[in-house]
Amino acid sequence: MILKCEELNAFYKNKNKNSNVLENVTVKIEQGKLVCLAGPNGSGKSTLMTLLAGLEGKKNSSLQIKSAKSLPFIQGSCETDKIFINRLNRLETAKQIGFMGQSEHSAWETSVFETILTGRFAHSGTDYTESDYEIVKESAKLLNISDLLDRSTFSLSGGEFQKVRIARTVAQKPAFMLLDEPCAGLDISYEPVLLSLLKKIAKQQNHGILISIHDLNIASRFADEIILLPKKSPPIQNTPELILTEKNLSAVYNAEFRIFNHPVFGCPQVCTL
């Protein structure tokens with residue numbers, strides 16, 4: 001299956017005027033691939049991810065979609081060729097798409113185990129089974145947080161809580177996972193571990209994974225594809241080798257760049273002048 005949007009145009013409706021945030025955006029996420037979404041602050045990365053997850057653009061939202069053609073949809077081995085997310089109910093959407101926002105604050109105290117378990121709600125409701133409990137343990141093991149399962153979420157560091165949130169999305173077992181800045185708050189030594197893990201999950205479990213990220217060099221090392229999202233211009237999507245060029249980066253970030261190959265991994269690396 002493929003999660004995609006075509007010619008997506010969206011704006012925030014303010015009191016005095018409308019502010020365009022996405023213009024003519026066409027992107028696709030294929031199962032089995034890790035895709036990194038990058039771009040300058042204010043380019044609409046988080047907005048795009050929430051739209052792809054079916055969480056924005058409602059009539060009562062300040063974010064409006066300009067045309068029906070813009071709506072994200074899942075295409076592939078479904079009952080019909082194209083299933084628009086707005087036609088699915090929330091529960092069915094959650095079975096197909098897992099979303100993790102940039103930040104989150106717990107309203108009440110729960111254990112790490114219970115927090116990850118909520119990722120199974122779309123499949124089991126609150127009538128959790130032994131299978132759900134095993135999936136929680138497996139997800140915690142993948143993220144190397146099995147020792148935290150009995151801990152209160154209130155006792156965790158920011159980085160530990162971030163891993164719990166990722167484990168919850170993994171436990172959801174959707175066809176597509178959308179993670180908004182999953183590396184935020186993590187130790188620099190854990191970033192390559194996490195991206196390596198996400199790429200492994202994408203390949204071995206056939207998930208399509210989209211993450212937003214600021215570090216182009218770590219994205220180049222692990223991503224199958226990179227989406228560069230400029231401000232108020234159509235994005236470009238391709239392999240790191242074709243995306244990370246001086247011309248592309250200068251146009252998107254309005255700065256001067258130089259490209260060189262990583263001495264160990266051979267992937268393109270970028271630096272600003």
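The following exercises, each with a worked solution, concern the predicted model shown above.

Residues are numbered from 1 along each chain as its sequence is written, and side-chain values use heavy atoms, with hydrogens and water left out. Because the model is predicted, local features need pLDDT of at least 70 and side-chain atom pairs count only at pLDDT 80 or more, while totals for chains, interfaces and linings use all residues.

**Exercise 1. The chain as a whole**

Task: State how many helices and strands the protein chain has, and what percentage of its residues is buried.

Solution. 
1. Helices (H or I, at least four residues) and strands (E, at least two) are DSSP runs, numbered from the N terminus. The protein chain comes to 10 helices and 13 strands.
2. A residue is buried under 20% relative accessible area, exposed over 50%, and partly exposed in between (1.4 Å probe, protein chains only). Of the 273 residues in the protein chain, 50% are buried.
3. A contact means heavy atoms within 4.5 Å. Among contacts with a separation of 6 or more, 65% are between residues 24 or more positions apart.

**Exercise 2. The nonpolar cores**

Task: Determine which residues of the largest nonpolar core touch the most other members.

Solution. 
1. A nonpolar core is a set of buried Ala, Val, Leu, Ile, Met, Phe, Trp, Tyr and Cys residues joined through side-chain atoms within 4.5 Å.
2. The largest nonpolar core has 50 residues, and those touching the most other members are Ile 116, Leu 143, Ile 145, Leu 194, Ile 209, Ile 211 and Ile 213.
3. Consider Ile 213, leaving aside its neighbours within four places in sequence: its contacts are Cys 36, Leu 37, Ala 38, Cys 183, Leu 195, Ile 218 and Ala 219.
4. There is also a second, separate core of 23 residues, with Leu 3, Leu 37, Ala 53 and Leu 178 among them.

**Exercise 3. Helix H1 and the residue after it**

Task: Decide whether helix H1 (residues 45-52) is mostly covered or mostly uncovered.

Solution. 
1. Seven of the eight residues of H1 are buried, so the helix is mostly covered.
2. The buried residues are Lys 45, Thr 47, Leu 48, Met 49, Thr 50, Leu 51 and Leu 52.
3. Gly 54 follows H1 and has a positive phi, near 75°.
4. Gly 54 and Asn 89 are 35 residues apart in sequence, and their C-alpha atoms are 9.8 Å apart in space.
5. Asn 89 is in the loop between strand S6 (82-84) and helix H2 (90-96), and is partly exposed at 45% relative accessible area.

**Exercise 4. Cysteines**

Solution. 
1. A disulfide is a pair of cysteine sulfur atoms within 2.5 Å.
2. The structure holds zero disulfides.
3. Cys 36 is buried, at 1% relative accessibility, whereas Cys 271 is partly exposed, at 31%.

**Exercise 5. Aromatic pairs**

Task: Classify the two aromatic pairs of the structure.

Solution. 
1. Rings of Phe, Tyr and Trp (its six-membered ring) pair if their centres lie within 6.5 Å; planes under 30 degrees apart count as stacked, over 60 as edge-to-face and the rest as tilted.
2. The structure holds two such pairs. For Phe 113 and Tyr 133, the centres are 6.0 Å apart and the planes are at 45°, so this pair is tilted.
3. This pair links distant parts of the chain, 20 residues apart: Phe 113 is in helix H3 (residues 112-117) and Tyr 133 in helix H5 (residues 130-142).
4. The pair of Tyr 253 and Phe 257 is also tilted, with 5.8 Å centre to centre and 55° between the planes.
5. Tyr 253 is partly exposed at 24% relative accessibility, whereas Phe 257 is buried at 6%.
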